[in-house]
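Colleague: Could you take me through one part of this model closely, starting with a helix and its surroundings? I would enjoy a connected account with the cut-offs spelled out.

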Amino acid sequence: MKNILITGGAGFIGTNFVKHMLSTYDYNIVNLDALTYAGNLENLRDIENNERYTFIRGDIADVQLVDEIFAKYKIDTVVNFAAESHVDRSIENPEIFLMTNVRGTQVLLDAAKKHWKVNPHDKYCREFKEGVKYLQVSTDEVYGTLGKTGMFTETTPLAPNSPYSASKTSADLFVRAYHETFGMPVNITRCSNNYGPYQFPEKLIPLMINNCLKGQQLPVYGDGMQIRDWLHVKDHCTGIDTVLHKGKVGEVYNIGGNNEKANIEIVKLIIENLGKSEEMIKYVQDRPGHDRRYAIDNTKITTELGWSPSYTFEQGIKETIEWYLTNQDWMEKIVSGEYMSYYKEMYTGV
């Protein structure tokens, strides 16, 4: 039985992954989450009494806490979701992205090295215990931006354009370095834009759904023609699961949904589904360093590991809208306090 440390497991993707792993395998799951604004324990209320699940509130940059978790729970696998992840927030306050995304990753890697190396006191020892693995959940934003054609592959040069993507790139390079220098068994996954249940409403799809339901304006950056490859979060979870169990040590795997859509297409689709008017759209000043187009080539994970996305975008967006309609009380609890202050600052200039 594996003992898996999932960091950031109360966030959007982490929540879905914790539930996926508990329902799919007979593993022990330890969820370490600092419960910052995007972490929500209500997401996990239905599994909080599962005997194979433990929640610990804490920061991945807390050296002592992370070391204690490795020792107490005999952690043999790490899946690191914990990250500050919103580009706008990184423009406002880059330092917290450096601390969580870079320093936090390094703390996790050091703990794994200490507890997993066969001889941790021998700096030349590159032998690790059998069955251990560190998996870093990254993003296609580390590659920068694309022109009208082409796709990101695993060999695309890293060229981050925002403080957020720069911090994720730095973390990826630390993971790579621990593999190359120490021989640590690692994988890195890089995904396209996720959508689905439990997503914090600063992100495009839940933001637009919530504003439509409240009769508020729909803020769209620039001309809205920024193109993203959209990946349902459940497909992302099965992709990470596949890499965790089948991925070749040291390799990077792109996980994409094969669904390229412009932001304005998404907004108009939501408006149509909810029976609202396009007059609700308000074009706002584009954010600095806004990447124009992302597109993932997922050939490697598909051909080498046998994974492919199961959701069409049409199916996924319909299911997602229905989830938010059914869970409006969840949204109401989220959209309050700190988030509303941030929302006003970002989109209305108040």
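Modeller: Gladly. Helix α6 (residues 204-214) is largely enclosed by the rest of the structure, because eight of its eleven residues are buried. Buried here means under 20% relative accessible area, with exposed over 50% and partly exposed in between (1.4 Å probe, protein chains only). Helices are DSSP runs of H or I with at least four residues, strands are runs of E with at least two, and both are numbered from the N terminus. The buried residues of α6 are I205, P206, L207, M208, I209, N210, N211 and C212. After α6 comes G215, with a positive phi near 70 degrees.

A word on the basis: this is a predicted model, in which local features need pLDDT of at least 70 and side-chain atom pairs count only at pLDDT 80 or more, while totals for chains, interfaces and linings use all residues. Residues are numbered from 1 along each chain as its sequence is written, and side-chain values use heavy atoms, with hydrogens and water left out.

Y198 counts as buried, at 17% relative accessibility. Leaving aside neighbours within four places in sequence, Y198 is in contact (heavy atoms within 4.5 Å) with F12, T15, N16, K19, N43, W323, Y324 and W330. Of these, T15 lies 183 residues from Y198 along the chain, yet their C-alpha atoms are separated by 7.7 Å.

From α8, I266, L269, I270 and N273 meet F313, I317 and I321 of α10. That contact divides into six nonpolar residues, one polar and no charged.

Finally, the cysteines. A disulfide is a pair of cysteine sulfur atoms within 2.5 Å, and by this rule the count comes to zero. The sulfur of C237 is too far for a bond, because the closest cysteine sulfur, in C191, is 10 Å away. C237 is buried at 2% relative accessibility, and C125 is buried as well, with a relative accessible area of 11%.

Methods: Ala, Val, Leu, Ile, Met, Phe, Trp, Tyr, Cys and Pro count as nonpolar, Asp, Glu, Lys and Arg as charged, and the others, Gly among them, as polar.
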